[in-house]
Amino acid sequence: MTMVDAINLALHDAMDADPKVLVLGEDVADAQDGGVMGVTKGLSTRFGVDRVKSTPISEQAIIGAAIGAAVGGYKPVAEIMLMNFIAVPMDMIFNHAAKLRFMSGGQTGVPMVIRTMTGSGFSTGGQHSDYLEAWFAHMAGIKVVAPSTPDDAYGLMRAAIDDPDPVLFIENMPSYWTPAPVTKQAIPIGKARVAREGSDVTIIGHSLMVTLSLAVADKLAAEGVSVEVVDLRTISPWDRQAVIASVRKTGRAVVAHEAVKQFGIGAEIASVITEELWGELKGPVQRVGAAYCAVPFSKPLEQAFAPSADTIEAAVRKALA
């Protein structure tokens with residue numbers, strides 16, 4: 001099953017189990033082909049256009065309606081087609097969805113999911129390809145998840161829909177069509193997984209970076225280097241216990257994300273690792289991220305901008321030096 005299939009199945013199963021689950025966003029109904037990537041295809045035919053509603057091209061309207069529905073007792077899944085477009089309803093996400101529980105003394109929850117996709121590699125330019133997870137990880141009150149496999153996509157979506165607070169669900173466009181088994185098991189938010197066991201160095205990542213890190217681990221294994229890969233799955237709250245346990249074992253760490261390196265989540269994770277394991281580390285924590293600029297439209301420049309298996313491998317070799 002591809003990630004597209006897995007997310008579609010998770011939405012189907014959640015809507016089948018609970019009539020309070022709604023889907024809304026641009027072009028999500030079957031009359032508009034079930035979303036630009038077909039992730040919601042078939043849902044409006046199965047559950048009706050009252051529960052799967054194509055909206056006007058207005059991110060503010062989508063998020064505003066979703067917040068209102070969530071406060072009113074529903075469980076909306078709102079799609080913001082591309083992550084860059086999430087800047088438009090940012091006020092409502094940060095100052096309303098994420099804060100209503102705090103500002104109401106715990107009386108008003110906002111159980112909503114915001115689905116969005118992103119990822120470079122398609123020459124879609126600087127307004128369509130950014131990873132902005134650090135914006136949301138910085139804000140208390142909203143959880144942030146980013147699956148790397150179809151199985152995780154299904155399990156995290158089911159958990160996100162059932163969560164009593166808002167969850168940002170980041171989908172990676174380059175990972176959409178890679179098939180893998182799906183177990184249909186819910187995955188707890190905030191729990192990482194060890195995608196590969198190793199003993200010499202730990203790579204910590206999420207989304208596409210996990211796939212690239214596993215390729216690097218395979219390559220270095222032929223040289224006798226044992227790489228452990230930790231898939232965060234949840235960016236906020238991230239699984240500090242699992243990361244610290246892995247790095248304590250290996251003594252070396254590389255943190256990789258597709259977002260720009262400066263001020264990214266890698267800095268937070270590297271800082272915590274250094275604080276917790278000072279004196280045990282065999283070298284400084286290495287960070288891998290994109291260049292500090294807008295995503296280029298030019299294919300060669302885009303390839304130079306984004307982290308790759310080669311840049312992750314270089315960071316691992318530096319950590320081992």
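Modeller: One term before we start: two strands pair if DSSP finds at least two bridges between them. Also keep in mind that this is a predicted model.

Colleague: Fine. Which residue stands opposite Glu-79, then?
Modeller: Arg-115, which is in S4.

Colleague: And which residue in S4 does Ile-80 stand opposite?
Modeller: Thr-116.

Colleague: How many bridges join S3 to S4, and which way do they run?
Modeller: There are 5 bridges, and the two strands run parallel. Strand S4 covers residues 113-118.

Colleague: What about S1 and S3, parallel or antiparallel?
Modeller: Parallel, over 5 bridges. Strand S1 is residues 21-25. Leu-24 stands opposite Ala-78 in S3.

Colleague: How many residues of S3 are buried?
Modeller: 7 of its 8 residues, so to speak a mostly covered strand. Strand S3 takes in residues 75-82.

Colleague: Where do the side chains of a regular strand go?
Modeller: They alternate between the two faces of the sheet.

Colleague: Zoom out. What is the order of the strands in the open sheet?
Modeller: S2-S1-S3-S4-S6-S5-S10. That is 7 strands, with mixed pairing.

Colleague: Which strands stand at the edges?
Modeller: S2, residues 52-54, and S10. Each has a single partner strand, so one side of each has no neighbour in the sheet.

Colleague: What does the twist average from one strand to the next?
Modeller: 20°.

Colleague: Helices now. At what angle do H3 and H4 pack?
Modeller: About 20°, with the axes 9 Å apart. H3 is residues 59-71 and H4 is residues 90-97. That angle makes H3 roughly parallel to H4.

Colleague: Is that crossing left-handed or right-handed?
Modeller: The crossing of H3 and H4 is right-handed.

Colleague: Which residues make the contact?
Modeller: From H3, Gln-60, Ile-63, Gly-64 and Ile-67. From H4, Met-92, Ile-93, His-96 and Ala-97. By class, the contact of H3 with H4 has 5 nonpolar residues, 3 polar ones and no charged ones.

Colleague: And H8 with H12, at what angle do they cross?
Modeller: Roughly 60°, and their axes come within 9 Å. H8 spans residues 208-221, and H12 spans residues 309-320.

Colleague: Why call H8 oblique to H12?
Modeller: Because the crossing is at roughly 60°, and an angle has to be under 35 degrees to count as roughly parallel, or 65 to 115 to count as roughly perpendicular. That makes H8 oblique to H12. The crossing of H8 and H12 is right-handed.

Colleague: Which residues of H8 and H12 make that contact?
Modeller: H8 brings Met-209, Leu-212, Ser-213, Val-216, Lys-219 and Leu-220. H12 brings Ala-309, Ile-312, Glu-313, Val-316 and Arg-317. They divide into 7 nonpolar, 1 polar and 3 charged.

Colleague: Where is Asp-33?
Modeller: In the loop between S1 and helix H2, which is 43-47.

Colleague: Asp-33, buried or exposed?
Modeller: Exposed, at 52% relative accessibility. The cut-off for exposed is over 50%.

Colleague: And where does Phe-263 lie?
Modeller: In the loop between strand S11 (253-260) and helix H10 (265-277). Phe-263 is exposed, with a relative accessible area of 70%.

Colleague: Which residues does the cis peptide bond join?
Modeller: Ser-236 and Pro-237, with omega about 0°. Pro-237 is in the loop between strand S10 (234-236) and helix H9 (240-250).

Colleague: Last topic. Gln-286, buried or exposed?
Modeller: Buried, at 12% relative accessibility. Gln-286 lies in strand S12, residues 286-290. Leaving aside neighbours within four places in sequence, its contacts include Val-254, Ala-315 and Lys-318.

Colleague: What does Lys-299 touch?
Modeller: Gly-121, Phe-122 and Ser-123, not counting residues up to four places away in sequence. Lys-299 is in helix H11, residues 299-305. At 36% relative accessibility, Lys-299 counts as partly exposed.

Technical notes. Residues are numbered from 1 along each chain as its sequence is written. This is a predicted model: local features need pLDDT of at least 70, side-chain atom pairs count only at pLDDT 80 or more; totals for chains, interfaces and linings use all residues. Side-chain values use heavy atoms; hydrogens and water are left out. Buried means under 20% relative accessible area, exposed over 50%, partly exposed in between (1.4 Å probe, protein chains only). Helices (H or I, at least four residues) and strands (E, at least two) are DSSP runs, numbered from the N terminus. Axes are lines fitted to C-alpha atoms, for helices over the stretch in contact, and angles run from 0 to 180 degrees between N-to-C directions. Angles under 35 degrees count as roughly parallel, over 145 as roughly antiparallel, 65 to 115 as roughly perpendicular and the rest as oblique. A crossing is left-handed if the near helix is turned anticlockwise from the far one by less than a right angle, and right-handed if clockwise. Contact means heavy atoms within 4.5 Å. Ala, Val, Leu, Ile, Met, Phe, Trp, Tyr, Cys and Pro count as nonpolar, Asp, Glu, Lys and Arg as charged, and the others, Gly among them, as polar.
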